[in-house]
Number of protein chains: 4
Amino acid sequence: MLKHFASDNYSGICPQAMEYMMQANGMDGIAYGDDEWTARAADRFRELFETDCEVFFVFNGTAANSLSLASMCQSYHSVVCHELAHIETDECGAPEFASNGAKLLLGTGEGGKLTPESIEHLVTKRSDIHYPKPKVLSVTQPTEVGTVYTLDELAAIREVADRYDLKIHMDGARFANAVASLGVSPADVTWRSGVDVLCFSGTKNGMAMGEAILFFDRKLAEDFDYRCKQAGQLASKMRFISAPWLGLLESGAWLSNAQHANDCAQYLSQQLQQVEGVKHIFETQANAVFVEVPEPVMIAMRDKGWRFYTFIGAGGMRLVSSWNTSKAEVDEFVADLKSLL
Amino acid sequence: MLKHFASDNYSGICPQAMEYMMQANGMDGIAYGDDEWTARAADRFRELFETDCEVFFVFNGTAANSLSLASMCQSYHSVVCHELAHIETDECGAPEFASNGAKLLLGTGEGGKLTPESIEHLVTKRSDIHYPKPKVLSVTQPTEVGTVYTLDELAAIREVADRYDLKIHMDGARFANAVASLGVSPADVTWRSGVDVLCFSGTKNGMAMGEAILFFDRKLAEDFDYRCKQAGQLASKMRFISAPWLGLLESGAWLSNAQHANDCAQYLSQQLQQVEGVKHIFETQANAVFVEVPEPVMIAMRDKGWRFYTFIGAGGMRLVSSWNTSKAEVDEFVADLKSLL
Amino acid sequence: MLKHFASDNYSGICPQAMEYMMQANGMDGIAYGDDEWTARAADRFRELFETDCEVFFVFNGTAANSLSLASMCQSYHSVVCHELAHIETDECGAPEFASNGAKLLLGTGEGGKLTPESIEHLVTKRSDIHYPKPKVLSVTQPTEVGTVYTLDELAAIREVADRYDLKIHMDGARFANAVASLGVSPADVTWRSGVDVLCFSGTKNGMAMGEAILFFDRKLAEDFDYRCKQAGQLASKMRFISAPWLGLLESGAWLSNAQHANDCAQYLSQQLQQVEGVKHIFETQANAVFVEVPEPVMIAMRDKGWRFYTFIGAGGMRLVSSWNTSKAEVDEFVADLKSLL
Amino acid sequence: MLKHFASDNYSGICPQAMEYMMQANGMDGIAYGDDEWTARAADRFRELFETDCEVFFVFNGTAANSLSLASMCQSYHSVVCHELAHIETDECGAPEFASNGAKLLLGTGEGGKLTPESIEHLVTKRSDIHYPKPKVLSVTQPTEVGTVYTLDELAAIREVADRYDLKIHMDGARFANAVASLGVSPADVTWRSGVDVLCFSGTKNGMAMGEAILFFDRKLAEDFDYRCKQAGQLASKMRFISAPWLGLLESGAWLSNAQHANDCAQYLSQQLQQVEGVKHIFETQANAVFVEVPEPVMIAMRDKGWRFYTFIGAGGMRLVSSWNTSKAEVDEFVADLKSLL
């Protein structure tokens with residue numbers, strides 16, 4: 001057994017996704033997404049989001065983010081995002097590649113959240129052709145540090161985006177965890193908050209692989225199927241992505257998986273608050289806990305077999321829970337940590 | 001049930017691939033390919049190909065071909081391929097996109113096979129900087145029309161490639177079918193024949209998705225992991241691609257699946273040879289049969305529920321068999337066709 | 001002295017362009033095109049073309065064509081052009097590079113001219129996402145083989161373009177020669193014929209370097225200044241491109257230079273018609289003459305010091321005249337040729 | 001007359017460049033750089049730099065920098081540069097476009113100069129494939145803020161570059177001013193200091209347009225002529241770039257122009273040091289003076305007709321001198337400023 005709070009992408013396939021994948025394997029299916037599983041999954045997304053959005057499926061989050069961003073700008077444009085955004089720190093230049101050169105403009109804000117002021121500063125500081133023109137605003141929901149934008153915060157961001165004619169992209173690598181955390185509808189936190197395109201991750205939500213891209217602004221989706229094909233993101237046996245998605249959506253596992261992961265993170269966070277020598281760095285609002293512990297303790301925890309990522313310097317531990325995290329694992333982790341402090 | 005000889009990508013996941021996928025789902029795994037399944041699968045490829053090649057896994061064939069081609073040339077170079085090659089006719093410009101502009105130079109030859117003369121003609125007709133410099137030769141094995149290059153033909157191609165300093169890329173979308181057809185070792189038909197990079201498809205061989213890229217010339221693989229990441233081709237839960245591959249390799253299903261598909265195609269081909277009014281267009285050497293039948297008969301077959309692709313004008317039917325094609329399906333198809341002729 | 005009919009880009013700077021360049025050098029000027037010369041030249045283009053078009057200046061024809069094409073399509077789209085079009089045969093993949101991968105679809109037609117039938121065939125032969133979607137039609141006026149589209153031919157092309165929602169790009173590397181040949185207004189042969197974007201070459205018309213790009217459809221010009229900047233096509237000392245252009249436009253040299261070159265080509269063509277053993281390949285409608293002469297004669301002409309390009313196999317000589325070609329040169333060339341036949 | 005210290009690209013063509021341009025215009029010339037002027041200019045560069053480097057000519061600095069950087073890395077690599085570097089702040093994403101997505105990693109250092117520590121920090125902070133791999137180090141000589149790297153500083157940078165296998169690119173937009181400032185040979189400050197590629201600007205040195213790219217590491221220049229062609233940077237009438245370069249090199253104006261501009265900047269700097277209320281921001285080591293004056297004074301200076309750029313917030317004035325700046329202009333500027341303070 002792997003002892004870890006490393007990432008929700010260490011987890012396997014949840015039963016509901018697996019069940020539908022097996023069903024989809026029961027017979028042959030038309031290739032390239034012209035099958036029933038794909039049509040049904042797309043329709044289910046439209047129901048869940050209460051709008052007639054365009055739905056596409058791609059293999060992973062890097063592709064979902066970079067291709068959807070590329071559909072919103074040209075190579076000589078720029079994308080505003082937080083300096084901690086995944087598209088800046090962990091995609092190896094994928095947005096730049098997919099867009100053939102668009103720059104990311106790095107904003108700031110507490111808790112990994114872009115502030116309207118920071119956005120405005122980036123957008124207004126230059127207006128000459130020697131600097132790429134801002135066209136897109138990318139928000140990560142929840143953020144890379146496990147915090148969640150409130151609806152009010154999204155409204156304030158939309159206001160500044162409207163003022164400067166920016167499209168809004170939402171990186172929803174853990175979108176379900178944000179919905180579970182906020183207790184609002186998917187529609188409220190996306191298109192009703194002015195989001196134009198959402199990348200909704202299935203991989204971290206309990207699938208083997210596969211992301212949904214939802215275009216609430218359908219004009220942005222023009223010829224997006226060609227873009228996916230050209231970029232190597234059109235699955236020939238598409239139903240093995242769409243059927244598991246359907247499993248998550250029809251069973252409600254998309255939300256219950258996220259709720260479970262969030263609950264584990266809350267439980268872990270609470271346990272850690274009672275451990276002397278452990279200091280929270282960010283508020284735990286979704287499925288990640290960020291704490292500072294002494295460097296030797298981190299090393300000792302690894303010696304005990306625990307896997308986790310570090311963050312922002314030596315003192316920071318990132319602890320991510322998943323759909324299959326158990327409270328026993330949390331207890332074991334906390335006990336091990338306590339024994340070392 | 002879908003009645004079809006449409007494509008081997010209509011088929012589902014074969015038992016051997018599924019079994020290993022289930023095993024890989026038994027516990028959590030390290031992300032991004034640093035897991036044991038991926039290491040084992042790569043080692044198995046090295047054993048099978050009897051050489052210490054570099055092995056990468058990507059999601060689909062479009063990506064495998066376009067990224068590996070991009071690793072062999074720059075944007076101002078060109079790639080020689082047959083005018084019927086998949087990279088020219090069915091990738092929506094993916095090689096051009098991945099390479100940021102490399103051109104494909106289209107050669108000719110009977111049965112979908114490039115001739116050395118055709119290659120030489122393309123490579124020598126221009127030598128000025130107003131035309132992209134040829135750097136790569138791409139062969140499809142088996143070809144798009146179901147024929148297979150012999151070892152002698154590959155040797156002749158290698159000779160011309162060497163003369164003009166061209167790297168050789170092999171599009172192995174149905175590579176296993178070629179190996180089964182030739183009855184030679186994978187090594188013989190690739191690096192021993194001078195192939196530098198092979199794209200070996202798992203999708204058409206019985207997996208849900210996933211291709212292996214084998215660099216026999218390891219220098220070409222420098223930083224290829226970065227390239228895959230940037231292009232959105234690094235699976236976070238990589239083991240769900242590598243474990244099924246391991247299932248195919250360890251069980252031998254990679255070859256038996258292909259042999260079965262080839263046998264079905266041979267059987268179908270033989271049955272069709274006895275049907276008056278059916279004319280073979282290409283020789284059946286792998287898992288595809290190309291025949292001409294009258295247009296109204298094709299329509300009538302579709303009315304009976306059969307799915308298949310047409311090829312090269314109205315008269316051509318492309319009939320592809322797969323790992324799960326049954327002789328009963330062949331018989332039913334032939335009977336239906338006979339009843340219409 | 002260089003004895004040649006090699007190309008109009010062997011010629012130097014004509015007096016009218018030089019005079020304005022000297023004037024522009026009389027004092028310092030604001031950089032990056034915010035100077036008066038640039039504003040005046042752009043206004044003059046609008047007057048000449050009788051429409052409020054957007055005007056940009058870039059360094060050369062490769063850039064003009066490839067950047068303007070890129071503004072009309074995305075990487076997963078395609079551009080229809082004649083198989084002899086310069087953008088296909090002599091730009092080293094520049095359109096593919098500038099557009100990040102758009103494919104050129106090669107049409108046919110007598111005398112280097114695309115026929116409506118050929119366009120329609122290319123546009124309708126595929127409609128699936130595995131092949132790039134046609135979005136632009138590029139016509140070269142005059143063509144690479146020195147012929148000129150009539151207004152009727154352009155109207156027929158526009159009709160098919162409208163039917164399939166294609167934008168029209170005109171490669172006007174020798175645009176002035178076409179205007180001189182047809183005896184119509186620049187407006188007639190461009191936007192009144194449905195052309196959306198024209199690349200009008202100054203280099204071949206008597207300048208040191210510099211091309212104008214005219215967007216008759218102003219929406220296509222959105223942020224095109226950023227595109228030029230990013231692609232390395234924004235001259236800091238822009239006035240040294242725009243002032244010579246102004247010289248050509250204000251003096252009328254843009255047309256008289258072209259007329260002179262056309263006259264020389266006509267004269268050369270007529271002289272050659274009287275030489276036994278010389279066969280015209282294409283009709284001489286602008287400033288180029290294409291003739292077949294025996295291979296040994298071509299070699300002998302080169303031995304006498306003459307420079308020219310060959311075309312379409314060994315038998316073809318391409319003879320291009322320019323603003324500074326003299327009738328004496330024509331006479332000398334013809335005399336030398338006669339002496340060898 | 002334009003009253004300004006705006007930029008050296010406001011100046012026209014110096015007499016030595018103009019004279020050679022006129023000579024080159026005396027007769028026709030072979031196109032695309034196969035002329036004698038180009039050959040002679042390239043040879044002169046080799047003499048001046050005392051090494052057999054590869055020499056290419058392109059139209060402007062954006063192209064020179066971005067294409068040469070692209071020749072040193074792939075799309076998934078990164079380029080280390082100072083946060084104030086022109087390639088970061090003023091090229092509208094040209095390096096990202098030319099390289100199809102390479103990221104710039106922004107280092108720091110006093111006076112616009114990268115420190116070895118800053119480089120090392122950027123290069124070592126990540127080593128995973130989720131972040132682009134550093135391959136190139138770009139130094140601007142002189143820097144954007146008018147300071148000049150000493151030979152010792154370059155040696156220290158080379159040491160860290162060697163340790164991490166980074167190629168060194170030198171942005172020499174005002175290279176001649178650095179040579180004049182340091183009083184060393186061009187070879188000393190480039191390849192003897194470990195520079196692999198130099199972009200040497202002719203535009204700011206007294207030409208209408210045109211930059212030289214010198215590859216001291218000839219392997220990096222492989223097929224660079226194709227790259228230039230594809231990117232729209234191959235001038236057909238190349239001699240109108242190379243002949244003026246030859247004029248600068250043969251006359252020595254390349255250095256005397258720079259020396260004059262530097263002298264004017266020194267004189268201006270000294271005069272301003274005696275003006276109360278004016279504070280130098282950076283040391284004047286080449287041809288630019290950076291001073292802080294009260295915002296109302298800047299406005300009043302503009303009202304008097306002076307043009308200049310501001311820098312780093314409201315208080316900063318950037319004053320650039322050129323080959324044709326006169327001491328009278330300096331005196332007038334200083335007098336006007338004094339009258340306002």
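In this predicted model, B:Glu292 sits across from B:Gly316 of β11(B). That pair belongs to a run of five bridges tying strand β9 (residues 288-292) of chain B to strand β11 (residues 316-320) of chain B, with the two strands running antiparallel. Zooming out, β9 and β11 are part of an open, four-stranded sheet in chain B, ordered β8-β9-β11-β10 and paired in antiparallel fashion. The edges go to β8 (279-280) and β10 (309-310) of chain B; each has just a single partner strand, so one side of each is left with no neighbour in the sheet.

Over in chain A, the strand to look at is β7 (residues 211-215). Strand β7(A) is mostly covered, with five of its five residues buried.

What does β7(A) pair with? Strand β1 (residues 54-58) of chain A is joined to β7(A) by five bridges, and these two strands run antiparallel. Within that pairing, A:Leu214 of β7(A) has A:Val55 standing opposite. Strand β6 (residues 197-201) of chain A is likewise linked to β7(A) through five bridges, again antiparallel. Here A:Phe215 in β7(A) is the bridge partner of A:Val197.

Technical notes
Residues numbered from 1 in each chain as written. Chains lettered and ligands numbered in written order. Predicted model: local features only at pLDDT ≥ 70, side-chain atom pairs only at ≥ 80, totals over all residues. Heavy atoms only, no water. Buried < 20%, exposed > 50% of the residue type's maximum accessible area, 1.4 Å probe, protein only. Pairing = 2+ DSSP bridges.
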